[in-house]
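Here's a quick briefing to read alongside the structure.

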Amino acid sequence: QMALPEDVLFSPGDGELRVEDQLILHELARALRNVPYTILIEGHTDNLPLGPGSPYASNWELSLRRAMSVVRCLVHDEGLSPRRMGVAAFGEYHPRVPNDTPEHRAQNRRIEVSILRYE
């Protein structure tokens, strides 16, 4: 399992990948290309409410949008098979650490990439 912090791929509160950071996913795709197992992309957020005017109704929806942005890049831009991809959105409900400081909230905002050991 690998965790990519929010600030590696996304601007705060945004669900779309930053173009300049897609090179990271290119390198990830190179590593995953020969792995024969299912790849699960998980989106996670902190527990702070989204700002006014956010296009997302909840942190849960933001986490799903981010996970889907990663899957879309891996499938459409990098050529990984969609049959090998899975998506999970956990929103704020699976924090790594308590959401009690800015540093902890930053750790909870992440994309996790897991390789599931079945074909």
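Leaving aside its neighbours within four places in sequence, which residues is S11 in contact with? They are E6, R18 and R66. Keep in mind that this is a predicted model.

**S11**
- You'll find S11 in the loop between α1 (6-9) and α2 (22-32).
- From S11 to Y93 it's 82 residues along the sequence and 21 Å through space, C-alpha to C-alpha.

**S69**
- S69 belongs to helix α3, which covers residues 59-77.
- A polar atom of the S69 side chain lies 2.5 Å from the backbone oxygen of G15.
- Once neighbours within four places in sequence are set aside, S69 is in contact with F10, G15, E16 and L17.

**The aromatic pair**
- Searching the whole structure turns up one aromatic pair.
- That pair is W60 with Y93, arranged edge-to-face, at 5.5 Å centre to centre with 65° between the planes.
- It links distant parts of the chain: W60 is in helix α3, while Y93 is in the loop between β3 (85-91) and α4 (102-108), 33 residues apart.
- W60 is partly exposed, at 48% relative accessible area, whereas Y93 counts as exposed at 54% relative accessibility.

Terms used:
Residues are numbered from 1 along each chain as its sequence is written. This is a predicted model: local features need pLDDT of at least 70, side-chain atom pairs count only at pLDDT 80 or more; totals for chains, interfaces and linings use all residues. Side-chain values use heavy atoms; hydrogens and water are left out. Helices (H or I, at least four residues) and strands (E, at least two) are DSSP runs, numbered from the N terminus. Contact means heavy atoms within 4.5 Å. A polar contact is a pair of N or O atoms within 3.5 Å; within protein, one must be able to donate a hydrogen and the other to accept it, and residues adjacent in sequence count only if both atoms are side-chain atoms. Rings of Phe, Tyr and Trp (its six-membered ring) pair if their centres lie within 6.5 Å; planes under 30 degrees apart count as stacked, over 60 as edge-to-face and the rest as tilted. Buried means under 20% relative accessible area, exposed over 50%, partly exposed in between (1.4 Å probe, protein chains only).
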